[in-house]
Amino acid sequence: MTTNFDKLIKTIVKPLVEYPDDITIQHNETDRFYEYHLKTNPKDVGRIIGKKGHIAQTIRTIVYSVRVNGNKRVRLIIEDGRK
């Protein structure tokens with residue numbers, strides 16, 4: 001399952017960024033979620049988030065629409081370098 005979501009996220013994000021080789025996805029599993037942490041080159045963060053977060057919301061909508069087995073849900077976290 002992990003690799004399928006990785007492929008989906010990368011397929012969506014790669015055309016949007018200037019530095020596609022810098023895309024990394026880390027995984028974390030909690031009691032309720034399968035979390036995917038998307039990291040890109042700091043220069044590409046704005047391209048992924050978009051004006052008023054519209055692009056990020058669209059990416060999340062696509063990723064969240066994929067069904068997973070069990071009660072857990074998928075969560076996409078876009079790392080923007082802020083803490």
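This is a predicted model: local features need pLDDT of at least 70, side-chain atom pairs count only at pLDDT 80 or more; totals for chains, interfaces and linings use all residues.

Student: Which side chain does Glu-29 meet in a salt bridge?

Tutor: Lys-72, with N to O at 2.4 Å. Glu-29 is in strand 1, while Lys-72 is in the loop between helix 3 (54-64) and strand 3, so the two are 43 residues apart and the pair links distant parts of the chain.

Student: How many salt bridges does the structure hold?

Tutor: It holds 4. Another one pairs Arg-75 with Glu-35, with the closest N and O atoms 3.0 Å apart. Arg-75 lies in strand 3 and Glu-35 in strand 2, so this pair ties together parts 40 residues apart in sequence.

Student: Is Glu-35 buried or exposed?

Tutor: Buried, at 8% relative accessibility. Arg-75 counts as partly exposed at 30%.

Student: Switching topics, what's the strand order in the sheet?

Tutor: The order is 1-2-3, in an open sheet of 3 strands with mixed pairing. Strand 1 (24-29) and strand 3 (73-78) each have a single partner strand, so one side of each has no neighbour in the sheet. The twist averages 20° from one strand to the next.

Student: And how many bridges join strand 2 to strand 3?

Tutor: There are 6, and the two strands run parallel. Tyr-34 stands opposite Val-74 in strand 3.

Student: Back to charges: what does Asp-44 pair with?

Tutor: Arg-47, at 3.6 Å between the closest N and O atoms. Shared partners join Glu-18, Asp-44 and Arg-47 into one network.

Definitions and conventions:
Residues are numbered from 1 along each chain as its sequence is written. Side-chain values use heavy atoms; hydrogens and water are left out. Two strands pair if DSSP finds at least two bridges between them. Helices (H or I, at least four residues) and strands (E, at least two) are DSSP runs, numbered from the N terminus. Axes are lines fitted to C-alpha atoms, for helices over the stretch in contact, and angles run from 0 to 180 degrees between N-to-C directions. Buried means under 20% relative accessible area, exposed over 50%, partly exposed in between (1.4 Å probe, protein chains only).
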